[in-house]
Amino acid sequence: MHKLEIRREIVERVLARRGKLHLFDALDARRSALLVIDMQNAFVAPGAPIEVPAARAIVAPINRLAKELRKRGVPVIWVLHENRGDGRDWAGFFDAFVAPGRRAEAAAALSAGAELQKLYPELESAPGDLRVRKNRYSALIGKSSSLEQELRQRRIDTLLIAGTKTNVCVECTARDAMMLDYKVVLLSDCTAALSDEEQRATLENVIQQFGDVVTSAEALHLLDPSRTR
């Protein structure tokens, strides 16, 4: 797990701009959902072709948080990346950002039914959880997934966001969520990137422009109905 803090200069910038560091004093469990992004074998399993080693360290915190949120009636949504086996549904990525010799391997790892595409087995899903598949970094851009439809049907307006990579699919989804008028809460101890520097960059981007950044424990505190709102 990444053990780092938002730099003091960023904290001071946020305080000067809006007068407080954190956006939300309380969250409504009835309008909230947990999004867990790309925690599948292709990114989490040791030796996987697009492995994010730090993602294994956030499995336990995600499991603990999801268990507590289910008790409060908060939906848990597993967002999994999936492309066609030949990668033709996102040629702009596979043709430009993946070396020719690795394109087939990368596309196959994220294709429907592939073992690497499945949820990492140490993650504890429950029968009532939702699973959404996306074919772009962001689960909320265009027709990349059915996520927005699922959220609208449930009258969700607040997203607690976990998963990997923090600075890619997590951040892209968080940015689009804010611009679609969702309240965004990025979970600092339930997200993972390839380096501390990339992790910190997203935390600092989000807290300045796109949402709040808190730990899972702090998020649960904000969702506590016994608190004075």
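**Note on the predicted chain: charges, size and cores**

1. The chain has 34 positive and 31 negative charges, and their mean positions lie 3 Å apart. Lys and Arg count as positive, Asp and Glu as negative; His and the chain ends are left out. Each charge is placed at NZ of Lys, CZ of Arg, CG of Asp or CD of Glu.

2. This is a predicted model: local features need pLDDT of at least 70, side-chain atom pairs count only at pLDDT 80 or more, and totals for chains, interfaces and linings use all residues. Residues are numbered from 1 along each chain as its sequence is written, and side-chain values use heavy atoms, without hydrogens and water.

3. The radius of gyration, taken over C-alpha atoms, is 17 Å; this agrees with the value near 17 Å for a compact globule of 229 residues. The globule rule is 2.2 Å times the number of residues to the power 0.38.

4. The largest nonpolar core has 40 residues. Such a core joins buried Ala, Val, Leu, Ile, Met, Phe, Trp, Tyr and Cys through side-chain atoms within 4.5 Å. L34, M39, I62, L69, L123, L160 and L187 touch the most other members. Helix α3 gives the largest share, five residues.

5. Take L69. Leaving out residues up to four places away in sequence, L69 touches L34, V74, L160, L220 and L223 (heavy atoms within 4.5 Å). A second, separate core of 29 residues includes V132, I156, L186 and I207.

Technical notes:
Buried means under 20% relative accessible area, exposed over 50%, partly exposed in between (1.4 Å probe, protein chains only). Helices (H or I, at least four residues) and strands (E, at least two) are DSSP runs, numbered from the N terminus.
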